[in-house]
Structure formats: structure tokens, C-alpha cells
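Come and read along with me.

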Amino acid sequence: MAMRYSRILIWVFVVVCALFAADVFVLPQVTDSLKTEAAAYYNSECKACHRWARKFAAPPMHDNVAQYAEKPKAMVEYLMKPTPKHPDDWPPMEISPLNETQAKMLTAWLLYILENPEDPGRPK
């Protein structure tokens with residue numbers, strides 16, 4: 001009987017360890033300072049080609065962000081390793097890959113803007 005309980009405890013311990021070891025994906029909370037920092041990055045690196053709601057020198061940012069609404073981790077991964085998505089329609093992005101912190105910040109803000117289009121800090 002004691003052997004059975006030992007096996008159960010070991011199994012529970014292994015499961016709990018596996019849960020804590022799992023890679024948990026979390027975007028930062030959208031605060032006023034994050035909005036300011038993300039908007040500054042967008043204005044200096046993205047806005048030259050991406051307008052929020054209309055085509056310009058690249059697809060509208062709204063459309064790009066909407067593709068990632070249900071998969072923010074994929075957006076972060078893309079921003080960290082940008083590759084041309086539509087090379088026949090648009091020139092490749094001239095953006096330096098973002099580090100994970102920057103990519104998460106920009107993703108959190110863009111998804112926030114997508115969900116809150118009346119935010120005064122929304123890109124034009």
C-alpha cells in the first residue's frame with residue numbers, strides 16, 4: 001500500500017513540475033508608459049510604410065494586426081524574425097528584428113488598439 005502512495009506522489013510531483021516548467025506566453029499589460037513607448041517605436045519604424053487603415057507603401061497595419069488577433073505569440077515571433085509575406089505585392093520590410101521584449105510591447109499595444117479603435121493614441 002505504501003508503495004502505491006509513493007508512486008502516486010511521484011506522479012503528482014512530475015506533473016506539477018511539468019506544469020511549472022511549461023513555457024507560458026504572456027504579453028505585458030498595456031499601461032500609459034507602454035502606449036507611449038510603443039507609439040514612439042511605431043512612428044519611427046512602422047509609420048513610414050504602414051498606415052493604420054489604408055494601403056500606402058505597405059498593407060494597412062490594421063489588417064496585419066487583425067490576422068494575429070487570436071495568435072499574439074505568432075505576431076511576436078514574426079516581429080523577431082520578419083520575413084516577406086507578400087513579396088509580389090509589397091517590397092520587403094526594412095526593419096531590424098525586434099528583441100522579445102520589444103516585440104511583446106509592440107504586439108500588446110497593436111492588439112490593444114485593434115480592440116480599442118477610439119483610443120486617442122491610435123495611429124492614423
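My first note is on terms: on a 1 Å grid over the protein atoms alone, a pocket is an open set of points where a 1.4 Å probe fits, with protein on both sides within 12 Å along at least five of seven lines, and lining residues have an atom within 4 Å of a point. I also noted that grid points are joined across faces, edges and corners, and that a volume is the space filled by probe spheres set on the points.

The model is predicted, so to speak of local features I need pLDDT of at least 70, and side-chain atom pairs count only at pLDDT 80 or more, while totals for chains, interfaces and linings use all residues. Residues are numbered from 1 along each chain as its sequence is written, and side-chain values use heavy atoms, with hydrogens and water left out.

**Entry 1: the second largest pocket**

I looked up the second largest pocket and found a volume of about 150 Å³. Its lining has 10 residues, and K73, V76, E77, M80 and E100 lie nearest the centre. Two or more lining residues come from each of α4 and α5; helices here are DSSP runs (H or I, at least four residues), numbered from the N terminus. I see that α4 has the largest share, four residues. By type, I read four nonpolar, no polar and six charged residues in this lining. For these classes, Ala, Val, Leu, Ile, Met, Phe, Trp, Tyr, Cys and Pro are nonpolar, Asp, Glu, Lys and Arg are charged, and the others, Gly among them, are polar.

**Entry 2: the largest pocket**

Next I turned to the largest pocket, whose volume is about 610 Å³. I found 29 residues lining the largest pocket, with H50, P59, N64, Y78 and M93 nearest its centre. At least two lining residues come from each of α2 (32–46), α3 (61–67), α4 (72–80) and α5 (100–115). With five residues, α3 gives the most. The lining of the largest pocket holds 20 nonpolar, five polar and four charged residues.

I then followed H50, which sits in the loop between α2 and α3. H50 is buried, at a relative accessible area of 7%; buried means under 20%, exposed over 50% and partly exposed in between, with a 1.4 Å probe and protein chains only. Leaving out residues up to four places away in sequence, H50 touches Y42, A58, P59, M61, N64 and M93, where contact means heavy atoms within 4.5 Å.

**Entry 3: helix α5**

How far apart are the end C-alpha atoms of α5? I get 22 Å, which agrees with the span its 16 residues should have at 1.5 Å a residue; the expected span is 1.5 Å times one less than the number of residues. Among the buried residues of α5 I noted M105, L106, W109 and I113. The buried residues of α5 pack against α2, α3 and α4. At the N-terminal end, N99 caps α5, with a side-chain oxygen 3.0 Å from the backbone nitrogen of T101.

**Entry 4: Y41 and the whole chain**

I picked Y41 in helix α2. Y41 is buried too, with a relative accessible area of 16%. Its contacts, not counting residues up to four places away in sequence, are C46, I95, S96, L98, M105 and L106. The C-alpha atoms of Y41 and Q102 are 9.1 Å apart, though 61 residues separate them along the chain.

Stepping back, I count five helices and zero strands in the chain. Of its 124 residues, 28% are buried. Among contacts between residues at least 6 apart in sequence, 59% join residues at least 24 apart.

How values were computed: A polar contact is a pair of N or O atoms within 3.5 Å; within protein, one must be able to donate a hydrogen and the other to accept it, and residues adjacent in sequence count only if both atoms are side-chain atoms.
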